[in-house]
Amino acid sequence: MPQVELVMPKMGESIMEATILKWVKQVGDDIEVDDTVLEIATDKVDSEVPSPVSGKLAEIKFQEDEVVPIGTVIALIETEAGAEVAASPSVAEEVSGAAAGSQQVEVVAEPAQPAPQKETQPTAAPQVVQASNSAPILTDNRFYSPLVRNMAKEEGVTATELATISGSGKNGRVTKKDMLNYLRTRAALALKGHPAPAAATNGTAKAPATTPAPASNGAASAPRPQSVSGATEIIEMDRMRKLIADHMVMSKHTSPHVTSFIEVDVTEIFNWRSRVKNEFQAKYGEKITFTPIFMEAVAKAITDFPMVNVSVDGDKIIRKLDINIGMATALPSGNLIVPVIKNADQLNLVGLTKSVNDLAGRARSNKLKPEEIQSGTFTLTNVGTFGNLMGTPIINQPQVAILAVGAIKKKPAVVETEYGDLIAIRQMMFMSLSYDHRVVDGALGGTFLRRIGDYLEAFDGKRGV
């Protein structure tokens, strides 16, 4: 019977590999078009991989918890002769540079070709093999994923240094977590004036080895922590919390954070929303919150100060022409995710409201698509939702700035009128901007933040819906 190759789909511009979380279908199971075959995860999002054809699952090439490069054949599906295959670009086209963010599962309609070899230890002498971002790399007889290789390049980790890192992944593979542990240890030693460790796994040194020791089921062999007194409870982090923790540590390690604060009078906005919220919902079928109003002001300010809408690549500044604003969203699990509103500057208040409500709702029900949390150029977080007056947010890498808006509170404030200064009860709110001082100086960061406040204070409280 004809066979169709199911490959690891491309999940976004910067994602070169994914972890298999669970095989929903097993060998021998019947599959319909669009049935979920497996669940995968990247360092950004979990996702389901659907079947592009009807048939039977004939072979599974990788097991759960294995990390697989994109474009790699992960399963074979037997189909009836003449069965139609969902149209999609070939694997070669996808890996060599198809549009980022595609979620089509790439398949090959022709009879199945021999499956690519699984990772094996080469017999040649240790060497460094240069490879493109879409290919794995072998160094000192070891496999390194593109993610690990890129991290090593960005942090200046040499091939010799890389070869000394003990891996906790399958067959001793160095994982992202291993790299982060090593970089933290190296940074801590550097602060104390010590040289980089010969190897770093939990901060311990280990001599280089040409054949890494295998790890059982991809997990480290360290003993599980135990409570001695019985007065404490040890809670294992879930996968998403581990990713968040790693991302936050990496951000603080990467960017020298500076935070500026201002207080904004949002009385006009508060009164306008109170007046029109019922009419707005009746007209557009959407609840109007403060978030889209804040985003409208942020998008205008970014247009005025485009050098806040950048990222850093070594000693180069990459200016982003699109204004894509992420909004930090708390999940029922207590974790955090940042869906992104693309081209926010091109949306009016109604469009922003629909996008905010849609993304927030699907984030909380775990229905976001991978591309909906990618390509953000700036992030907004509303700490006022939790009753907080202000916060000092951590930059969402590779962005260079993040805005926190606090709770709106009634306060006495001085109001300038044609009759002189008066003290009145006003709706006031603190805003704080954390920014990367490598590329955003205090003048730019402070002026940009003040411009957002100016747009909010100039809000027309008489505007319609």
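1. In this predicted model, strand 14 (residues 325–327) and strand 18 run parallel and are joined by three bridges. Within this pairing, Ile325 is found opposite Phe378 of strand 18.

2. Strand 18 is also joined to strand 19 (residues 401–405), in this case by four bridges, and these two strands again run parallel. Here Thr381 stands opposite Ala404, a residue of strand 19.

3. Of the five residues that make up strand 18 (residues 378–382), four are buried, so the strand is largely enclosed by the rest of the structure.

4. Thr291, which belongs to helix 7 (residues 291–304), has contacts with Val356, Leu380 and Asn382 once residues up to four places away in sequence are set aside.

5. How do helix 6 and helix 8 cross, and at what angle? The axes of helix 6 (residues 267–284) and helix 8 (residues 349–364) come within 13 Å and cross at roughly 75°, and the two helices are therefore roughly perpendicular to each other, since angles of 65 to 115 degrees are classed in that way.

6. The contact between these helices brings Trp272, Phe280 and Tyr284 of helix 6 to Leu349, Val350, Thr353 and Lys354 of helix 8. Sorted by class, the residues of this contact are five nonpolar, one polar and one charged.

Key:
Residues numbered from 1 in each chain as written. Predicted model: local features only at pLDDT ≥ 70, side-chain atom pairs only at ≥ 80, totals over all residues. Heavy atoms only, no water. Axes fitted to C-alpha atoms, helices over the stretch in contact; angles between N-to-C directions. Parallel < 35°, antiparallel > 145°, perpendicular 65-115°, else oblique. Contact = heavy atoms within 4.5 Å. Nonpolar A, V, L, I, M, F, W, Y, C, P; charged D, E, K, R; others polar. Buried < 20%, exposed > 50% of the residue type's maximum accessible area, 1.4 Å probe, protein only. Pairing = 2+ DSSP bridges.
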